[in-house]
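Colleague: I am new to this structure, and I would like to learn how to read its features. Could we go through them together?

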Amino acid sequence: MFYPQFRARRIRGNESFRKMVSETALSVNDLVYPMFSAFGRGIKKEISSMPGIYQQSIEQIVVEAAEVHALGIPAVLLFGIPESKDAVGSDAYSDTGIIQQTIRAIKREVPGLAVITDVCMCEYTDHGHCGIINNGDVDNDPTLELLAREAVSHAKAGADMVAPSDMMDGRVAAIRGALDENGFDKIPIMSYAVKYASGYYGPFREAAESTPQFGDRRSYQMDPGNRLEALREAASDIEEGADIIMVKPGLPYLDIVRDLRNEFNLPLAVYNVSGEYSMIKGAAANGWIDEKRVVMETMTSFKRAGADIIISYHAKDVARWLNGN
Ligand code: PBG
Ligand code: ZN
């Protein structure tokens with residue numbers, strides 16, 4: 001059927017009909033808000049490239065966690081900035097580490113808010129890489145042991161879900177095995193299954209103080225041009241026991257989100273990363289774009305591409321806009 005029998009504008013011209021035929025719904029239930037917990041007291045330091053996002057000490061982070069919960073956002077994703085870093089990232093799996101203390105504080109003060117933790121070494125190693133170094137490169141298999149210890153210590157502290165972001169081979173199986181052995185068989189794993197070596201992580205590395213001190217992450221994160229490899233990465237994480245798979249970054253990889261949605265039936269998350277946030281905030285601050293409109297359009301694009309869960313620094317704003325204020 002073509003014009004003049006068919007006129008698309010008959011439906012589009014009526015607000016009620018537009019709502020009736022809308023194909024993509026975004027809900028506050030879809031959102032996860034990332035937070036940065038810093039060692040110390042009285043710290044609330046804005047990330048210069050991420051307006052509105054802070055490194056905060058624990059007594060501050062629980063206040064924002066309560067606000068996140070009140071907005072109806074179901075979960076936060078926690079990153080830690082430890083007091084000190086070393087070659088093997090000891091703070092990552094210490095029972096008194098920054099994240100372990102933060103988890104306990106949030107679960108005590110805001111029990112209704114789900115706590116997801118980033119499981120990786122780069123925030124805790126002095127060299128800034130996502131695992132331990134041998135001969136100038138991250139050594140995969142010895143790193144698995146540390147990641148498993150880290151995940152178990154997060155679960156012990158009360159984390160509701162763990163999210164490994166390191167991109168080591170075999171880490172989902174290693175973490176699943178260790179969680180199960182330690183009585184945490186009910187704790188799900190959200191795997192950063194498809195994580196590209198991306199320039200869009202720049203602002204995050206300022207936030208988490210996790211810039212690699214030599215080289216880059218290309219020996220473990222994916223090449224941005226690879227699409228079939230994304231399917232292999234996701235399939236292997238699912239095989240190893242992932243409960244939720246993630247694509248990261250978001251906007252530049254919407255085709256990958258759709259590929260995974262079509263190929264697999266697991267819940268699918270997308271990480272709308274720091275650089276994506278900074279670009280929108282920067283353009284909005286200059287008056288070049290309408291922030292609310294562009295953010296909501298971006299969120300809709302993730303849902304349309306097939307994501308169930310959106311991890312975003314915009315989450316609090318999106319929740320407010322969805323709630324009509
Ligand atoms: C740590 C990690 C990174 C991000 C999440 N977990 C950075 C990196 O891999 O360099 C990026 C998140 C963001 O940019 O918002 N492995
Ligand atoms: Zn890392």
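Modeller: Gladly, and let us begin with burial. Buried means under 20% relative accessible area, exposed over 50%, and partly exposed in between, using a 1.4 Å probe and protein chains only. C122 counts as buried because its relative accessibility is 6%.

Colleague: Before we go on, what should I know about the model and its numbering?

Modeller: This is a predicted model, in which local features need pLDDT of at least 70 and side-chain atom pairs count only at pLDDT 80 or more, while totals for chains, interfaces and linings use all residues; side-chain values use heavy atoms, with hydrogens and water left out. Residues are numbered from 1 along each chain as its sequence is written, and chains are lettered from A and ligands numbered from 1 in the order in which they are written.

Colleague: Which protein donors does the zinc ion (ligand 2) have?

Modeller: Donors are N, O and S atoms within 2.8 Å of the metal (3.2 Å for Na, K and Ca); water is not among the atoms, so sites may look incomplete. Here the zinc ion (ligand 2) has C120 (SG), C122 (SG) and C130 (SG) as its protein donors, at 2.2 to 2.3 Å. Their spacing in sequence is C-x1-C-x7-C.

Colleague: Why is the arrangement around the zinc ion (ligand 2) tetrahedral?

Modeller: Four donors count as tetrahedral if all angles lie between 85 and 135 degrees. The four donor atoms around the zinc ion (ligand 2) subtend angles of 100 to 120°, so the arrangement is tetrahedral.

Colleague: With cysteines in mind, how many disulfides does the structure hold?

Modeller: A disulfide is a covalent bond between the sulfur atoms of two cysteines. The test is a pair of cysteine sulfur atoms within 2.5 Å, and the structure holds zero disulfides.

Colleague: How many salt bridges does a search of the whole structure find?

Modeller: Side chains of opposite charge can pair when their charged atoms come close. A salt bridge is a side-chain nitrogen of Lys or Arg within 4 Å of a carboxyl oxygen of Asp or Glu. The search finds 17 of them. One joins E15 and K19, with 3.9 Å from N to O. Because these two residues are four apart in helix α2, about one helical turn separates E15 and K19. Helices (H or I, at least four residues) and strands (E, at least two) are DSSP runs, numbered from the N terminus. E15 is partly exposed at 44%, whereas K19 is exposed at 61%.

Colleague: Where do K316 and E64 lie?

Modeller: K316 and E64 form a salt bridge, their closest N and O atoms being 2.8 Å apart. This pair links distant parts of the chain, with K316 in helix α12 (residues 315-322) and E64 in helix α3 (residues 58-70), 252 residues apart. K316 is buried at 13% relative accessibility, and E64 is buried at 8%. Salt bridges that share partners join E64, E67, K316, D317 and R320 into one network.

Colleague: Finally, which peptide bond involving P249 is cis?

Modeller: The one joining K248 and P249 is cis, with omega about -10°. P249 sits in the loop between β10 (244-248) and α9 (254-263). Another cis peptide bond runs from Y3 to P4, with omega near 10°.

Terms used
Tetrahedral: all angles 85-135°; square planar, octahedral: opposite > 155°, others 65-115°.
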